[in-house]
Amino acid sequence: MNPTRTLATARRVLAQLRHDPRTIALLLVVPCLLLVLLKYMFDAQPGTFDRIGPALLGVFPLMVMFLVTSVAMLRERTTGTLERLLTMPLGKLDLLLGYALAFGAVALVQAALASALTIGVLGLDIAGPTWLVFSVAVADGLLGMALGLLVSAFAATEFQAVQFLPAVLLPQLLLCGLFVPREDMAPVLRWISDVLPLSYAVDAMARLTTSAGVQGRTLLDLGVVAVCGLLSLALGAATLRRRTA
């Protein structure tokens, strides 16, 4: 890894995003709009929003980051940009880490906006520290980014990249404990949920909703999400192809 090349890649990606207002709106505005919609869906049941709001504060950014990064990396391959870049002294890890830095900066802004809106404006009741809620939301966004970069290596078209969204994220959404407590699931489903990173993100948010202070189990869950993101980046570097077949 070369830090100079990694930072140059991050600057290039951020420059591309700056000239793409639709993508910026998708990354920063859409998660906030979805949280507002969720709030007013359960306006007559405030306890419901307090229960599921924290989990979706992490789920919505994760899904959006997954979609944008998978399509963005695939576009680099289909347009030949990636092949030209890799003919220069730029390693695959430099490229993916540059993407990670650029979209990581976006994830920070995304999490800050969504957290401020949900806790401040929408009045979400959180017992744990706000900074930890923000940290979990950022980790979720980074995980979505890393998974998106990973699956882009296995898609040949942008349509196929979008198809990975239900294949990769919907099983995690169903088994993360958002709809049914994980301890109430059939044993085989509980075992599967134990190896899915979104389960730990939702567990961390649920614990922050009801428990004050910083708990070791919450930090452990946050660490699992972070490690899964790093592993996804490493696998993405190992499987990244220069161009589509």
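Colleague: Leaving aside neighbours within four places in sequence, which residues is L108 in contact with?
Modeller: The model is a predicted one. In it, L108 lies in helix 6, and its relative accessibility of 42% makes it partly exposed. Once neighbours within four places in sequence are set aside, the contacts of L108 are F134 and V138.

Colleague: What separates the C-alpha atoms of L108 and L7?
Modeller: Along the chain, L108 and L7 are 101 residues apart.

Colleague: How many aromatic pairs does the structure hold, and which residues form the stacked pair?
Modeller: The count of aromatic pairs is 1. The centres lie 6.0 Å apart and the planes make an angle of 20°. An angle under 30 degrees counts as stacked, and the residues in this stacked pair are Y99 and F103.

Colleague: Where do Y99 and F103 both lie?
Modeller: Both Y99 and F103 are buried. They are 4 residues apart, about one turn of the helix, and that helix is helix 6 (residues 92–121).

Colleague: How many salt bridges does the count come to?
Modeller: The rule asks for a side-chain nitrogen of Lys or Arg within 4 Å of a carboxyl oxygen of Asp or Glu. R217 and D221 form one of these bridges, with the closest N and O atoms 3.5 Å apart. By the rule, the number of salt bridges is 5.

Colleague: Which parts does the pair of R182 and D203 tie together?
Modeller: The side chains of R182 and D203 form a salt bridge with an N to O distance of 2.6 Å. R182 and D203 are both buried. The pair ties together parts 21 residues apart in sequence, because R182 and D203 lie, respectively, in the loop between helix 8 and helix 9 and in helix 10 (residues 197–210).

Colleague: Where do R190 and D194 both lie?
Modeller: R190 and D194 meet through their side chains in a salt bridge, 3.2 Å from N to O. R190 is partly exposed at 28% relative accessibility, and D194 is also partly exposed, with a relative accessible area of 28%. The two are 4 residues apart, about one turn of the helix, and both lie in helix 9.

Colleague: Which residues do salt bridges that share partners join into one network?
Modeller: The bridge between R182 and D203 and the bridge between R190 and D194 both belong to this question. Through shared partners, salt bridges join into one network the residues R182, R190, D194 and D203.

Colleague: Which residues make the nonpolar surface patch of about 500 Å²?
Modeller: One of its members, V188, is found in helix 9 (residues 187–194). A patch residue needs over 30% relative accessible area, and V188 is partly exposed at 48% relative accessibility. The patch of about 500 Å² is made by V188, L189, W191, I192 and V195.

Colleague: Leaving aside neighbours within four places in sequence, which residues is Q172 in contact with?
Modeller: Q172 belongs to helix 8 (residues 158–175). Its relative accessible area is 6%, so Q172 is buried. With neighbours within four places in sequence left out, Q172 touches L147, L196, P197 and L198.

Colleague: C228 is in no disulfide; which cysteine has the nearest sulfur?
Modeller: The structure holds 0 disulfides. C228 would need a sulfur within 2.5 Å to form one. The nearest cysteine sulfur to C228 is 14 Å away, and it is that of C176.

Colleague: How many Å apart in space are R77 and T218, C-alpha to C-alpha?
Modeller: R77 lies in helix 4 (residues 46–78) and is buried, with a relative accessible area of 1%. R77 and T218 are 141 residues apart in sequence. From C-alpha to C-alpha, the distance between R77 and T218 is 38 Å.

Technical notes. Residues numbered from 1 in each chain as written. Predicted model: local features only at pLDDT ≥ 70, side-chain atom pairs only at ≥ 80, totals over all residues. Heavy atoms only, no water. Patch = residues over 30% accessible without salt bridge, like charges linked within 9 Å, V, L, I, M, F, W, Y side chains within 5 Å. Areas by Shrake-Rupley, 256 points an atom, 1.4 Å probe, with all protein chains shown as cover. Buried < 20%, exposed > 50% of the residue type's maximum accessible area, 1.4 Å probe, protein only. Contact = heavy atoms within 4.5 Å. Phe/Tyr/Trp six-rings, centres within 6.5 Å; stacked < 30°, edge-to-face > 60°.
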